[in-house]
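Here is my note on the structure you sent. Please read the points beside the sequence and the 3D view.

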Amino acid sequence: MSVVSKRPAWWRGRTVVIGIPFAWLLVFFLAPFLIVADYSVSEMGAVRPENIYSVSDGVVKLALKYANYVTIVADPEHLYLRAYVSSLKFAAVTTALCLLIGYPFAYFMARARASLQPALLMLVMLPFWTSFLLRVYAWKGLLEDGGWVAQLLLALHVDGLLAATGLISAPGKFMYTPFSLVIGMTYTYLPFMILPLYANLSKLDLRLLEAAADLGATPWQAFWRITVPLSKAGIIAGAMLVFIPSIGEFVTPELLGGPQTLMIGQVLWSEFASSNDWPMASTVAVVLILLIVVPLAIFNKYQAEAQEKRT
Amino acid sequence: MSTRRAFFSPTFATRFGKGWLFAGFLFLYLPIVSLVAYSFNASSLPSVWTGFTLDWYRKLGSDREMLAGLWLSLEIAFLTACGSVLLGTLAAFSLVKYKRFSGRTLFSGMVNAPLVMPEVIIGLSLLLMLVAVQKSFDAPDLGPVGRWFVDSLLSRGLGTIWLGHMLLCTAYATVVVQARLQDMPASLEEAALDLGAKPFQVFALITLPMISQALAAAWLLTFSLSLDDVVISNFLNGPGSTTMPLVIFSRARLGLNPSVNAMATVIITIVAICVTLGSLWIARAERRRAAEMNAAQRGG
Amino acid sequence: MAASKDAAFLRIEDVVKDFGGGSVAVNHVSVDIAKGEIFALLGSSGCGKTTLLRMLAGFETPTSGRIVLDGMDLAGLPPYARPLNMMFQSYALFPHLTVWDNIAFGLRRDKLPREQVAERVEAMLRLVQLGKFAKRKPHQLSGGQQQRVALARSLAKKPQLLLLDEPLGALDKKLREETQIELVNIIEEVGVTCVMVTHDQEEAMTMASRIAVMSEGRFLQVGAPGEIYETPATRFVADFIGNVNLMEGSLTEDEPDHVLIRCADCTHYVGHGITGTEGMPVTVALRPEKIQLSREAPGGEFNRARGKVKNLAYFGSFTVFHVALQSGAMLKVNQNNSERHRDDELTWGDEVWAHWSPTAHVVLTQ
């Protein structure tokens with residue numbers, strides 16, 4: 001008489017739809033991380049799951065070799081620790097600069113005439129579509145002796161100031177310094193900050209600002225009390241899209257950085273490629289993952305919330 | 001729409017805004033312009049301009065290493081784009097249509113993570129896994145099929161780079177398709193079901209045409225991402241499988257090299273043309289649609 | 001049972017939809033709908049009417065209960081297997097298909113031969129008078145035209161049941177009035193049984209042959225529009241439909257042919273008996289148009305009350321007077337402006353007598 005609703009047969013297709021990408025991700029995304037973790041607690045040349053645990057008398061015994069982790073912390077020259085710290089530092093600076101430059105940029109883009117905006121958007125996207133490697137390489141040309149930007153900076157006599165603050169090693173030598181690295185990273189990641197900010201700011205209801213003006217707020221006050229708080233989601237999205245990947249940057253420090261800008265991505269690569277010490281590389285990777293877990297969680301939460309709002 | 005104008009624009013704010021935008025675009029395009037400019041410089045030093053020349057472009061024609069890299073990169077990019085769009089659409093579909101399924105948070109996390117994760121981690125982890133799998137295949141005797149499988153897919157080369165790129169690009173494809181899927185009203189699919197279409201028919205006849213633009217965008221995006229990738233390719237390449245970015249990277253490390261500039265200019269030109277054409281075409285389609293909507297509202 | 005074979009074309013049997021977490025959207029609803037009826041589910045948002053409609057369509061499955069259409073139990077049948085079609089509130093026209101293809105969509109899923117499909121589509125286009133627009137896309141049509149396409153599309157497969165979700169919700173007032181009648185004509189011409197969902201009483205009353213007033217997942221009253229309007233079963237229904245004056249009172253005299261109800265400002269003489277006991281509290285419902293206003297006191301001591309005109313709202317063809325009675329309660333009275341000009345027109349502040357006939361009330365005990 002009464003039918004308890006069972007899942008209708010026509011829903012079984014969904015197992016396939018979800019299953020394929022899920023399986024793909026589990027095999028090629030998650031499993032590799034576990035293997036990295038495995039490597040990190042093994043010795044060079046002896047990497048097998050059997051090396052981690054052994055079963056004797058029905059009891060599982062773990063034989064984790066933490067040697068690599070100890071090396072990272074106890075290294076007398078603090079190579080690894082310094083690389084982690086400088087990576088975090090440079091990532092933070094890059095994020096701050098991208099925000100400083102990108103926020104007004106996105107703001108004024110969103111306020112431009114409606115007919116202009118698609119063109120402006122395209123102009124921002126265009127560099128993004130051209131190879132980022134080439135554009136970073138281009139900065140080498142710009143900052144090398146005789147390059148346009150190098151000449152400009154010399155003409156403005158800024159190099160003395162930069163040398164004094166330690167951003168460049170000596171007056172006139174802009175390449176392979178923290179200065180060149182930060183410029184390169186900021187340049188590369190700027191579109192990643194502008195786009196989410198623009199997406200957020202372009203949806204801002206201007207009538208809110210009209211209401212604020214009507215109630216007596218100056219444009220400056222309205223900006224700080226209304227526009228900025230409402231664009232918080234865009235700021236967080238942009239910041240995460242810049243901060244997290246820049247920690248592990250490899251290409252830019254290799255091309256534009258110098259000895260004092262060693263970043264953890266480079267350390268990881270050299271352990272892997274030069275020293276061929278895959279376990280050590282894995283350990284570096286694991287610590288790096290641990291470092292970004294918190295920002296990654298923030299990013300994930302933001303993504304989930306953004307999706308909730310749209311449905 | 002007239003309220004879109006900056007509401008309180010004391011002249012200072014508008015001028016400041018225009019100035020900022022101008023400076024920003026200058027910053028964005030300066031490197032590109034310099035790349036193009038120096039590809040015509042006879043000297044390889046930026047400080048000296050010895051004369052206009054097309055030599056570097058001529059040399060490109062016989063630059064085997066670069067051309068081989070280009071060809072390989074195009075192959076991989078094509079495969080990556082196709083694969084990522086396929087997987088990404090499935091993933092986007094899963095996330096949008098099925099609100100509740102076990103492991104959804106994990107699934108969503110894994111789908112989004114490659115967007116921000118440092119590529120060195122992705123590259124290293126994938127490589128280690130492939131090596132581990134390969135090792136476990138080494139021991140037993142596999143026979144010709146097994147050998148072929150291990151050699152082609154698991155030994156480092158085109159197959160592994162493709163795998164790595166797919167991992168990175170699927171995330172981007174998912175985001176693009178997901179955005180479009182979410183904007184599609186559910187009632188359209190319900191109407192199709194109501195009229196007698198089975199779920200797969202609904203997807204093929206209704207959903208797919210409506211997201212076709214997003215699919216195209218996702219394809220182009222993943223294609224260009226794959227074409228440009230350095231880090232993952234670095235980890236996963238093998239002998240004889242050097243992609244174009246890797247060629248450029250190794251040359252760039254050694255110093256400035258005008259052959260790179262020449263290649264860069266070629267790429268930039270092609271991309272610029274495609275993006276401009278694409279944007280114009282989209283803009284025209286939008287304008288046409290807006291005009292039709294206006295006509296429908298006035299007349300009817 | 002055999003006599004009412006016709007009466008149970010669509011049978012909804014004790015249907016419940018529980019979404020969990022304490023929200024029961026549809027709470028034990030049962031009704032029999034006859035073939036060819038236009039049946040309206042009327043209620044404000046959140047009352048469960050849309051959920052019930054979606055269960056009929058197959059987009060939700062009932063937690064318990066049965067839905068039987070022409071003898072066939074719909075349980076477990078997916079939407080594409082049910083012999084019914086729905087017209088969506090937003091029309092849900094496929095934007096990438098022409099009007100012709102939109103209407104043909106369902107027919108093609110049935111794998112009908114091309115000539116038959118063409119014939120049927122042409123017939124539908126003639127029915128809704130959109131022949132000239134066959135090749136247009138939905139965004140090239142006006143709102144009213146889009147609605148007609150949606151209707152044609154939902155009738156193309158000759159469904160046994162037609163479901164309408166807020167059919168006139170998206171139209172403006174003028175268009176709504178014209179479309180109401182057109183819609184009913186088409187539905188009756190086709191002869192299809194129809195269940196519609198609406199929050200607009202006017203829509204329900206003009207279009208439906210029977211209405212179910214819903215609130216919080218339950219049916220409060222099911223009946224023809226006149227029945228619901230003139231004989232509401234509860235206070236809620238009386239208040240929900242149209243305007244009403246509700247007066248609390250108690251039964252002072254209970255005779256088989258009349259009862260007396262004393263209220264704060266008046267005593268009602270109701271010209272029929274009701275089931276009740278003396279002293280029982282009751283509510284008297286009086287529709288505004290059933291009350292007369294006059295300056296002189298009417299004869300008799302019942303069915304009249306004294307008051308002052310506090311407010312009046314001029315609607316053109318009629319005027320609504322808000323009369324403050326002695327207890328402070330406000331009485332709403334509708335007066336038809338049957339003459340262009342009256343010398344003794346009532347205005348603000350006038351002292352008036354409101355009076356009504358012994359058959360004008362409805363006595364409510366719930």
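1. Start with chains A and B. In this predicted model, 84 residues of chain A are in contact with 73 residues of chain B. Helix H1 of chain A, residues 13–40, gives the largest share of chain A's side, with 18 residues. That side of chain A has 62 nonpolar residues, 12 polar ones and 10 charged ones.

2. Now chain B as a whole. Chain B has 12 helices and 0 strands. Along the sequence its pattern reads α-α-α-α-α-α-α-α-α-α-α-α. There are 300 residues in chain B, and 42% of them are buried. Take the contacts in chain B between residues at least 6 apart in sequence: 77% of these join residues at least 24 apart.

3. Next, look at helix H1 of chain B, residues 11–38. Does its length agree or disagree with what its residue count predicts? It agrees, because 28 residues at 1.5 Å a residue should span 40 Å, and the end C-alpha atoms are 39 Å apart.

4. Where does H1(B) kink? The kink lies at Tyr29(B) and is about 40 degrees. The proline Pro31(B) follows shortly after Tyr29(B). Pro31(B) is also one of the buried residues of H1(B).

5. Among the chain C contacts between residues at least 6 apart in sequence, 64% join residues at least 24 apart.

6. What is the order of its 5 strands? They run E13-E12-E11-E14-E20, forming an open sheet with antiparallel pairing. Strand E13 (267–270) and strand E20 (361–364) are the edge strands, and each pairs on one side only. From one strand to the next, the twist averages 40 degrees.

7. Strand E14 of chain C, residues 281–286, pairs with E20(C) in the antiparallel sense over 4 bridges. Here His361(C), in E20(C), is the bridge partner of Leu286(C).

8. Strand E9 (residues 210–215) and strand E10 (residues 218–223) of chain C run antiparallel and are joined by 5 bridges. Which residue in E10(C) is the bridge partner of Val213(C)? The partner is Gln221(C). The hairpin has 2 residues between the strands, and Glu216(C) takes a positive phi near 50 degrees.

9. Last, a single residue in chain C. Asn311(C) sits in strand E16, residues 304–314. Is Asn311(C) buried or exposed? Asn311(C) counts as exposed, because it has 12 C-beta neighbours inside 10 Å, and the cut-off for exposed is 12 or fewer. Asn311(C) and Glu351(C) are 40 residues apart in sequence. In space, their C-alpha atoms are 12 Å apart.

Note on methods
Residues are numbered from 1 along each chain as its sequence is written. Chains are lettered from A and ligands numbered from 1 in the order in which they are written. This is a predicted model: local features need pLDDT of at least 70, side-chain atom pairs count only at pLDDT 80 or more; totals for chains, interfaces and linings use all residues. Two residues are in contact if their C-beta atoms, placed from the backbone, lie within 7 Å. Ala, Val, Leu, Ile, Met, Phe, Trp, Tyr, Cys and Pro count as nonpolar, Asp, Glu, Lys and Arg as charged, and the others, Gly among them, as polar. The expected span of a helix is 1.5 Å times one less than its number of residues. The bend at a residue is the angle between axes fitted to the seven residues ending there and the seven starting there. A residue is buried if 20 or more other C-beta atoms lie within 10 Å of its own, exposed if 12 or fewer, and partly exposed in between; C-beta atoms are placed from the backbone. Two strands pair if DSSP finds at least two bridges between them. Axes are lines fitted to C-alpha atoms, for helices over the stretch in contact, and angles run from 0 to 180 degrees between N-to-C directions.
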